[in-house]
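Work through the exercises below with the sequence and the model open side by side. Each task is followed by a solution in steps.

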Amino acid sequence: MAMPITARNKLVSILTATVVFTTLATLAVVAVGEHFHGGMTNGLIVGAGVGCLEEFYVQGKRGRWMRSIHPLKYLAIYALMVWAIYLVGVHLTMLIYGSGDELQAFYGRLPIALPVFLGFAVASILIIRVIHFIGMVDLLHLMLGTYHRPVLTRKVILFLDINGSTAIAEHLGALKARDLIAKFFFDISKPLTDHGGDVYLYKGDGLIATWDWDKAVRREAVLRAVDAMDVAIRSQHDAFQARFGLMPSYRIGIHGGEVVISEQGDTKRSIGIYGDPINIAARLEEVARIHGVACVASGDLADALECGTTTRMAYLGTESVRGISHPIRIFTYRPA
């Protein structure tokens with residue numbers, strides 16, 4: 001059985017943290033003339049520990065309180081956690097190499113070692129934060145210059161918006177409405193990612209996700225993602241009701257075709273997607289609202305699905321889209 005994509009991403013993040021801390025720890029011990037192998041081993045232990053802390057606590061449900069506090073407080077608390085992991089790593093390293101007699105000397109150097117390590121820890125945490133904000137894949141593309149020149153490719157685009165977000169904000173207040181949206185995105189992120197989707201952009205109360213065309217239509221992966229997201233949200237019904245007094249609903253528009261992907265911006269770089277498919281997908285999400293259905297997909301996508309249109313997909317008619325010369329055939333899809 002293939003490893004779920006979210007599990008694979010966690011593993012990549014843990015390995016990234018391990019590499020970052022091992023590199024910094026090795027440079028530190030070389031700079032002060034300490035044992036190379038001891039510093040490298042300690043870096044491996046600390047990096048793996050910090051990676052697990054990041055993926056299984058800080059980015060998980062239990063770590064929501066950390067993600068919601070002021071960034072400086074967050075950084076201070078995180079640095080103290082990393083310092084605790086570092087102390088455990090030092091003791092494990094000395095146990096591995098049978099150098100427990102050096103422990104007293106280590107504590108004697110602690111007043112100097114503490115600020116130095118905390119500096120390394122803060123730098124490493126900031127690197128991890130940048131990776132999470134930009135995304136590992138986009139960061140690699142920006143570093144390698146994949147889209148320095150425009151690339152023409154086929155993508156499937158999914159637009160998702162929460163229904164009645166303005167009324168929700170009025171009812172709950174801006175801060176609590178923001179908490180509801182954050183929980184909603186958290187709950188759908190794993191099923192979306194595990195079915196091959198990649199979040200291109202969060203936009204207030206909605207998001208835009210993309211798939212490579214072949215991956216999206218193979219075994220109807222994009223529709224299975226819609227099913228999985230719906231199951232994930234419905235499973236949280238009691239939690240939403242207890243915390244917010246309401247259950248959010250949403251609408252989805254899906255279309256695909258040739259798009260241009262290119263770097264955009266100057267002082268702040270990002271990767272942009274251009275072309276009719278993204279505009280049509282946005283229009284179909286609005287069509288879903290007008291027709292009062294959860295999901296609307298284009299005829300082009302329905303035709304391309306490998307297993308054929310499911311019995312839960314029904315022809316809805318045609319829709320005119322501004323800027324498109326011909327009407328778009330549209331289908332409604334009912335999640336499982």
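Helices here are DSSP runs of H or I with at least four residues, numbered from the N terminus. The model is a predicted one.

**Exercise 1. Find the residues that line the largest cavity, and state which helices supply them.**

Step 1. Count the cavities: there is 1 cavity of 30 Å³ or more.

Step 2. Take its volume. The largest cavity holds about 70 Å³ of space.

Step 3. List the lining. It consists of Ser-13, Thr-16, Ala-17, Gly-51, Glu-54, Glu-55, Ile-128, Ile-131, His-132 and Met-136.

Step 4. Assign the lining to helices. At least two lining residues come from each of helix 1 (5-32), helix 2 (36-58) and helix 6 (110-134).

Step 5. Sort by class: the lining has 4 nonpolar, 4 polar and 2 charged residues.

**Exercise 2. Describe how helix 4 packs on helix 6.**

Step 1. Take the geometry. Helix 4 (residues 71-96) and helix 6 have axes 9 Å apart, at an angle of about 120°.

Step 2. Classify the angle. Angles of 65 to 115 degrees count as roughly perpendicular and those over 145 as roughly antiparallel, so helix 4 and helix 6 are oblique to each other.

Step 3. Name the contacts. On the helix 4 side they are Tyr-74, Leu-75, Tyr-78, Ala-79, Val-82, Trp-83 and Tyr-86. Helix 6 contributes Leu-110, Leu-114, Phe-117, Leu-118, Ala-121, Val-122, Ile-125, Leu-126 and Arg-129.

Step 4. Sort by class: this contact of helix 4 with helix 6 has 15 nonpolar residues, no polar ones and 1 charged.

**Exercise 3. Is helix 9 roughly parallel or roughly antiparallel to helix 12, and which residues meet?**

Step 1. Take the geometry. The axes of helix 9 (residues 174-194) and helix 12 (residues 237-244) come within 11 Å and cross at roughly 165°.

Step 2. Classify the angle. Over 145 degrees counts as roughly antiparallel, and helix 9 and helix 12 are therefore roughly antiparallel.

Step 3. Name the contacts. Lys-176, Asp-179, Leu-180, Lys-183, Phe-184 and Asp-187 of helix 9 meet Ala-239, Phe-240, Arg-243 and Phe-244 of helix 12.

Step 4. Sort by class: the contact of helix 9 with helix 12 divides into 5 nonpolar, no polar and 5 charged residues.

How values were computed: Residues numbered from 1 in each chain as written. Predicted model: local features only at pLDDT ≥ 70, side-chain atom pairs only at ≥ 80, totals over all residues. Heavy atoms only, no water. 1 Å grid on protein atoms, 1.4 Å probe; cavity = no way out; pocket = protein on both sides within 12 Å on 5 of 7 lines; lining within 4 Å. Points joined across faces, edges and corners; volume = space filled by probe spheres on them. Nonpolar A, V, L, I, M, F, W, Y, C, P; charged D, E, K, R; others polar. Axes fitted to C-alpha atoms, helices over the stretch in contact; angles between N-to-C directions. Parallel < 35°, antiparallel > 145°, perpendicular 65-115°, else oblique. Contact = heavy atoms within 4.5 Å.
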